[in-house]
Amino acid sequence: MAIDATPRLDADRKAGDRTLSGEPVRELYTEADLPAGVGGPEDPIGRPGEYPFTRGIHASMYRGRLWTMRQFAGFGTSEETNERFHYLLDHGQTGLSTAFDMPSLMGHDSDHARALGEVGREGVAIDTLEDMQTLFAGIDLGEVSVSMTINAPAAIMLAFYVAAAESGSDGVADGNGPAAAGGVEGALDTAETGSTGVGPIPRERLSGTIQADILKEYIAQKEWCFPIDPAMRLCGDMIEWCTREMPRWHPISISGYHIREAGSTAQQELAFTLKDGLTYVEQAVARGLDVDDFAPRLSFFFNAQIDFFEEIAKYRAARRIWARELRETFGARNPRSWQMRFHTQTAGVSLTAQQPLNNIVRTTIEALAGVLGGTQSLHTNSYDEALALPTEEAVQIALRTQQVIAHETGVVDTADPLGGSYFIEALTNELEAQAYAYFAQIDALGGVVAAIEQNFFQREIAEASFRYQGEVERGERVVVGVNRYALDDEAEPTLLKVDPALEGEQIARVTALRAGRDTAAVDAALARLRDDAGRDDVNLMPAIVDAARAYVTMGEMCDALRDVWGVWRETPVF
Amino acid sequence: MGGKIRVVIAKPGLDGHDRGAKIIARALRDAGMEVIYTGLHQTPEQIVETAIQEDADAIGISILSGAHMTLVPRILELLRENGVEDVVVVVGGTIPDDDADELRKLGVAGVFGPGAPTTEIVDFLKGAVAA
């Protein structure tokens, strides 16, 4: 299993002269550590806005436009989350990011037996088009870009979103929904109180991102519905459909965040994520798409861990690898296809339950790494998230952290202020080399899907995670407030409580909706979905969008697909 | 007693956060225990069935989805219904203090939050199973 990076990660070396991910660090770096070719025609560093984009994808970087401050939010029912969205927009947030609850992420309705106790807990419960309409009531989806973090049933959630936007985000007011007939009270209440009368927005005007990165689910996050092959087909159908129908939409966010949160190193996050990305490109090209038609809409999502320079080097290496692979391997001609755009989130896994206010400091440093690494959007975690979903106060501090970095520190005044740093450039090179070593290893196993089936990623991550835990427990890595400077008696901060009664309310909503809809239309939509799922020559998206409009639920659509495709089970390794 | 301590590490509910469960499973195994890891997405019924079939001395429940106040009491109830009284149940994950107190009242022997060292959990289980 080991690659050449492994000896460096051995725990018999003192952790102090290695980065968080095990890269050796020397006392001094000099011009001798800069990569070969600097200043030449194929300069590996180059300038911001120019190939290979090591220094960022825009020439002026944040002088031209700040990153999008995009806090991930969602809990309870669509009504609670709609209120939180309005709160965030009122406080200067510039984009929305939706967290869904576990049943939604796993393709179950709120009244499914396996949803017991999980409804609205980790995110918002969305079962139907109507819930989606309530979620965005009063928000102009033609103006605000929206990110949705969902993967296995992403195509269905996107269909709900498109249908909601095209009906007007306060869609119940247009008389089309079952609620207009008096069927569902909650939705009517929201339409009356929350709506600012936003009109229908056509799909081609919608901007935002849906995560839809199914490969990393099997690798790390483990939220799956179907076996890998049909899941990849569904993902490919969605990318293809979005390429045609939603020119402002990012149909996938290829994510290292969850790989890192599952315990990987920075090298693994970098390598596995980029290899996933290259796999999606291969698939789309194999389906007959021109790489330059879809590559400019691909986006990425990385973690920002606490090892400041290592993280900055990781983003820079990622951009350089992506530019090279898209240009050289896939022959992309459009410079926008070469540019890696990414979202960053500070590391949830770096937050401590002990002395939680210290997390504000950690998050600040991590956020700064994201900014100096050239991120296009950023989520800063709240200090209380090792304990529960964040309170409104904690979220506000997290957002203010970004605003302080943007408006007070001056780091935005010049493009890539760290470019040319001996240490940063050397580390960038090293991470890049290690990513290619992993690529070779994955190729030798038969590619990403084959490597998943052989548990390669899962084992690598479990190893790295266990190794780090050992370093902390032996005191080789200091975690302030946990294994050093700990306090004996700590009071827990005030935490957000999700009202357990919301589960019942959401179940009542979906039950009422089922009772009020046109069952013949539902049956027809599901029959078509099953039929299309069994054929390889049709794109599934039109059937899914029509089913969404007929108020077919998330669970019903996923069950229909599970009937045709089956389910996925992993053999756990530890 | 005699022999190795047998522990079922269980992931109830729908969340896929298995970093903690895997670290604990491996730490307990390295400490000489027999570890059965259920894998993800287990129902309370499946977990209790596994514990009975494996003749477990302890069950370690790892949960980070916020559903602990629904799923953990259900597991305890099913253990009682099946006449399993002597299994030590511990819970790990993001469990607020109030909920941890409530779970202890319901019969959970130990609750371990983020940052708990694996050595502490190993020692706790050795003590609790021997008792």
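Me: Which residues have the most contacts inside the largest nonpolar core?
Reply: A:Phe160, A:Met238 and A:Ile544 do, in a core of 201 residues. Helix 4 of chain A, residues 154–167, gives the most to this core, with 12 residues. A nonpolar core here is a set of buried Ala, Val, Leu, Ile, Met, Phe, Trp, Tyr and Cys residues joined through C-beta atoms within 7 Å. Helices (H or I, at least four residues) and strands (E, at least two) are DSSP runs, numbered from the N terminus.

Me: And how should I read these names and this model?
Reply: This is a predicted model, where local features need pLDDT of at least 70, side-chain atom pairs count only at pLDDT 80 or more, and totals for chains, interfaces and linings use all residues. Residues are numbered from 1 along each chain as its sequence is written, while chains are lettered from A and ligands numbered from 1 in the order in which they are written.

Me: What is A:Met238 in contact with, leaving aside its neighbours within four places in sequence?
Reply: Its partners are A:Ala154, A:Ala155, A:Leu158, A:Ala212, A:Pro251 and A:Met541. Two residues are in contact if their C-beta atoms, placed from the backbone, lie within 7 Å.

Me: A:Ala212 is on that list. Where is it placed?
Reply: A:Ala212 sits in the loop between strand 5 (208–210) and helix 6 (215–221) of chain A. It has a positive phi of about 50 degrees although it is not a glycine.

Me: Why does A:Ala212 count as buried?
Reply: Because it has 28 C-beta neighbours inside 10 Å. A residue is buried if 20 or more other C-beta atoms lie within 10 Å of its own, exposed if 12 or fewer, and partly exposed in between, with C-beta atoms placed from the backbone.

Me: What about A:Met61, what is its phi?
Reply: A:Met61 has a positive phi too, about 45 degrees, and is not a glycine. It is found in the segment before strand 1 of chain A, and it counts as buried because it has 22 C-beta neighbours inside 10 Å.

Me: Which residues does the cis peptide bond join?
Reply: It joins A:Tyr51 and A:Pro52, with omega at about 5 degrees. A:Pro52 is in the segment before strand 1 (68–69) of chain A.

Me: Let's switch to helices. How far does helix 11 of chain A reach?
Reply: Helix 11 (residues 308–329) reaches 31 Å from its first C-alpha to its last, close to the 32 Å expected for its 22 residues at 1.5 Å a residue. The expected span is 1.5 Å times one less than the number of residues. Just after helix 11, A:Gly331 takes a positive phi of about 65 degrees.

Me: Zooming out, how many helices and strands does chain A have?
Reply: Chain A has 21 helices and 10 strands. Its radius of gyration is 23 Å, close to the 25 Å from the globule rule for 574 residues, so it is as compact as a globular protein of that length. That radius is taken over C-alpha atoms, and the rule is 2.2 Å times the number of residues to the power 0.38. Of the 574 residues of chain A, 55% count as buried.

Me: And chain B, in what order do its elements run?
Reply: From the N terminus on, they run β-α-β-α-β-α-β-α-β-α, which comes to five helices and five strands. The C-alpha trace of chain B spans about 35 × 35 × 25 Å along its principal axes, and buried residues make up 54% of its 131 residues.

Me: What average pLDDT does chain B have?
Reply: Chain B averages 95, and 98% of its residues score at least 70. pLDDT is the predictor's confidence in each residue, from 0 to 100. The model scores ipTM 0.92 and pTM 0.92.
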